[in-house]
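Colleague: Please take me through this structure slowly, and each time you use a term, set the value beside its definition before you conclude anything.

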Amino acid sequence: MTLDAKIPGGPLGKKWALFKDTAGLISPANKRKFKILVVGSGLAGASAAATLGEQGYQVRCFCYQDSPRRAHSIAAQGGINAAKNYQNDGDSVFRLFYDTIKGGDFRSREANVYRLAEVSTFIIDQCVAQGVPFAREYSGLLANRSFGGAQVSRTFYARGQTGQQLLLGAYQALQRQVALGQVEMLPRTEMLDLILVHGHAKGIVVRNLVTGRVDSHAADAVLLCTGGYSNIFYLSTNAKGCNVTATYRAYKQGALFANPCYTQIHPTCIPASGDYQSKLTLMSESLRNDGRVWVPKRKEDCFRPPRGISEVERDYYLERKYPGYGNLAPRDIASRSAKEVCDEERGIGPGGRGVYLDFSDALRRLGRPIIEERYGNLFKIYNNITGEDAYELPMRIYPAVHYTMGGLWVDYNLMSNIPGLYVLGEANFSDHGANRLGASALMQGLADGYFIIPYTLTDYLVTQLGVQRPSSDHPAFRSAEHRVGTRTAQLLSIRGNRSTDSFHRELGLLLWNNCGMSRSREGLQRALEEIPKIREEFWRNASIPGTGEGLNQSLEKAGRIADFLEFGELLCYDALHREESCGGHFRIEHQTDEGEALRDDENYAYVAAWKFDGEHVAPSLIKEHLVYESVQFATRSYK
Ligand SMILES: Cc1cc2nc3c(=O)[nH]c(=O)nc-3n(C[C@H](O)[C@H](O)[C@H](O)COP(=O)(O)OP(=O)(O)OC[C@H]3O[C@@H](n4cnc5c(N)ncnc54)[C@H](O)[C@@H]3O)c2cc1C
C-alpha cells in the first residue's frame, strides 16, 4: 500500500488557495441531499457540525456526554495561537509555521502546517464574532501572551478558560443549527464501529448509553472528531471518559493509525499525591510566562522549606540550560529536564517527583493584583487540590501525559485512507509532528472544523453525487451491529472478580514506565510481553456488573479499557521501531553527549502509519516520507 498525501502543487503559500480555487462545488439544492455523520462534539466536532449544517448538509452529531458542552475541550486553559502579530513583535504566518514545524521536531507535513498557520488568523475573527470573551488590552485590542516554544506573543486567551469559552462559541453555533433542523444532536450515544460499503465509509454503529439499544446510521460520509487517547496511561490530564474506541475500531476496519507513540508529556501538572489517584490536574503552561522553575542545587536541601533556600542554593535549570527560551522551553524539553533533576534526587515534595514553579519574583515585579488577574483561577485550583497558597509558597509541579500527537492517518484533505472517512482535531495525527507546541491543539481543532473540512469534504462529495446512500438494512450494517452485539455480550459474560479500573491502572503504569517520558528497547520489549498477559486476564477475570439493557457505566468503561489493552501494544510497536529520539519520544539509546534528543533524519523522516493485519498479529508499517521544501532540517536547539 502506498500513501498519497494529496498535497496540492504550487508554492507553499499558495497551495491552500489553489486547492480552494479548484476544489469541486456542490449546489445548495444538492447539498441538502447529503447526510454527514459527525462523531464528537468537542471543538473539532462542534465546529464542523455547525459549519456543515450552515452550508446546508443534513448532519447528525454524536457524543457520549449528556451535552456537547461537556466535551473534553472544555478543560483547555491556556490559550489558542494565531499569527495576528498584534504585538508588532515580528510574528507572521511563516514564523508560526516554522515554530510549529520545529516544535514538532520535523516530523509533521509541511503543507498541512502552513495551512494551519494561514487559517489561524481567521479563527480568532470567527470566535470574536461569536462573542468569545478573549482577554483585551486597555485599548480594547485583543491581548496576547507567549507560550512554550515561541519567542513572540501570539497566544489569545480568555483567563484560564479558553477551551470552555471557545467551546461555548462553537456550541451556540451548533445549537443554532440544531434549532434550524440542520443538525440532529444525539448525546449519550457511543460509536462502537464503522461501516464500509464498497470500501467507502457509509455509516456507524452506536449504542444508546441510556437505553442500551444498538443501532446503525447510514450516511454519505463520516467524520471522526473523537479526541485523544492519553487516558490510556490511566493517570493523565485528560477527562476520564477520553478513549481510543472510535479511532481504534476504525483502525480495525482498515484505517491506518499514524505515529501512535507520539504522546505529549506536559511539564506543568500537579504531582501525583498517591497510588489511588484517578487523574492529574494541569496547571496551565501560561504560568511559565511569569513563574520560574527551580530545584535545590544540592539534594540535601530538598526537604528544607523553599523560602529558606537562598538564590545561590537554587538551580533555575531551564534558564541555565536553555537561556534563549528559559522557562518557556517547549514541553518535551521542560518535561525531560524535570525528570532529569528528579532522577538526580533533587526533586521536591512527596516521593521527590516535583519541581518548584515560583512566582515570588513576578509578585515583587508586578504586584499581586496583576498576578491574580492573569492566573487567579489557576492559583485557586492549586489551592483547592494541594491546600497550599502559591502566593506564599512556590507551586509544586511535575510532568504528566497530556495530549496525543498520534491518531488516524489523514491526507491533506483530512481524509483517512478509507474514502469518505474524515478525521479532525486531536483524533487525527496531522499537524504537530513529534511534539505539540502549547496553544496549538485548539487552533488545529477549530481550523479543521470551521475552515478546512467544509472545502475538502465537499470535494469528496462531488464524487458521490448520484451514488445511492446505502439503506441501513444493507448486510454491511447487519454484520457490524452483530460484531458490536457479540463484543458487548462477551464483556458481560466475563463475571470475574477484578475491577476493570485495576486493569487500566496496571496497563497505564506499565506504559508510563516503559513507553512514557523516556523509552528503551528493553523496556518496550518488556511491555510488549506484559500487555497480552494483562489482556488475557482482563477477558478472563474482569468484573463487569449489570446488563446491556440500560445505563451501565461499568460496561462503557470496560469496552474502552478493552480497546486500550489492544491499542497499548500498537503504541509500543511504534515506539520500538523508531530508532531515534524526537519530540516527546525519547529513546534513551539515542541521545547526544549532553543528554538531548538525537534525531535521525536520514532514516526516520517519515510518518509511521500502521495497518491492522488481524487479531494477535503484528501490524504492518507503511511509511509516508516527509519532504521539506521550504524549511531545512535543523537540530532543534532552544539554547
Ligand atoms: C487540561 C487540558 C488543558 C489543555 N489546554 C490547552 C490549551 O490551553 N491550548 C490548546 O491549544 N490545547 C489545550 N489542550 C488540548 C486541547 O484541549 C485538546 O486537544 C482539544 O480540545 C481536543 O479537541 P477535540 O475536539 O479534538 O476533542 P474533544 O474535545 O476531546 O472531544 C471529543 C468528542 O468526541 C466524543 N467521543 C469520543 N469518543 C466517542 C465515541 N466512541 N462515540 C461518540 N462520541 C465520542 C466525545 O463525547 C467528545 O464530544 C488541553 C488539554 C487538556 C487535557
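Modeller: Let me begin with a definition: by relative accessible area, a residue is buried under 20%, exposed over 50% and partly exposed in between, found with a 1.4 Å probe and protein chains only. What you see is a predicted model, in which local features need pLDDT of at least 70 and side-chain atom pairs count only at pLDDT 80 or more, while totals for chains, interfaces and linings use all residues. Residues are numbered from 1 along each chain as its sequence is written, and side-chain values use heavy atoms, with hydrogens and water left out.

Colleague: Why is Pro187 called partly exposed?

Modeller: The relative accessible area of Pro187 is 31%, so it counts as partly exposed. Pro187 sits in the loop between β5 and β6, where strands (E, at least two residues) and helices (H or I, at least four) are DSSP runs numbered from the N terminus. Leaving out residues up to four places away in sequence, Pro187 touches Cys63, Gln65, Asp66 and Ser67, a contact being heavy atoms within 4.5 Å. Its C-alpha atom is 8.0 Å from that of Cys61, although 126 residues separate Pro187 and Cys61 along the chain.

Colleague: What makes the phi of Arg188 worth a remark?

Modeller: Most residues other than glycine have a negative phi. Arg188 is not a glycine, yet it has a positive phi of about 50 degrees. Arg188 lies in the loop between β5 (183-186) and β6, and because its relative accessibility is 25%, it counts as partly exposed. His198 is not a glycine either, and it also has a positive phi of about 50 degrees; His198 belongs to the loop between β6 and β7 (200-208).

Colleague: How do you know whether His198 is buried or exposed?

Modeller: The relative accessibility of His198 is 76%, and therefore this residue counts as exposed.

Colleague: How do you know whether Phe233 is buried or exposed?

Modeller: Phe233 has a relative accessibility of 3%, so we call it buried. Phe233 is placed in the loop between β9 (221-224) and α7. Beyond its neighbours within four places in sequence, Phe233 is in contact with Thr263, Val401, Gly508, Leu511, Trp512, Cys515, Gly516 and Leu571.

Colleague: What makes Asp332 count as buried?

Modeller: At 4% relative accessibility, Asp332 is classed as buried. Asp332 is part of helix α9 (residues 331-343), and, not counting residues up to four places away in sequence, it touches Asn435, Gly583, Gly584 and Arg636.

Colleague: Why is α7 described as largely enclosed by the rest of the structure?

Modeller: We say so because eight of the eight residues of α7 are buried. Among these buried residues are Thr245, Arg249, Tyr251 and Lys252. Just after α7 comes Gly254, with a positive phi of about 120 degrees.

Colleague: Why are α14 and α15 called roughly antiparallel?

Modeller: Their axes, which are lines fitted to C-alpha atoms over the stretch in contact, with angles from 0 to 180 degrees between N-to-C directions, come within 10 Å and cross at roughly 175 degrees. Angles under 35 degrees count as roughly parallel, over 145 as roughly antiparallel, 65 to 115 as roughly perpendicular and the rest as oblique, and therefore α14 and α15 are roughly antiparallel to each other. Residues making this contact include Phe503, Leu507 and Leu511 of α14, together with Ala527, Ile531 and Phe538 of α15. By class, the contact has 10 nonpolar, four polar and four charged residues, where Ala, Val, Leu, Ile, Met, Phe, Trp, Tyr, Cys and Pro count as nonpolar, Asp, Glu, Lys and Arg as charged, and the others, Gly among them, as polar.

Colleague: Which residues lie nearest the centre of the largest cavity?

Modeller: On a 1 Å grid over the protein atoms alone, a cavity is a set of points where a 1.4 Å probe fits but cannot get out, a pocket is an open set with protein on both sides within 12 Å along at least five of seven lines, and lining residues have an atom within 4 Å of a point. For the largest cavity there are 15 such residues, and Leu192, Thr488, Leu491, Leu555 and Gly559 lie nearest its centre. The lining divides into five nonpolar, three polar and seven charged residues, and the largest share of it, five residues, comes from α16.
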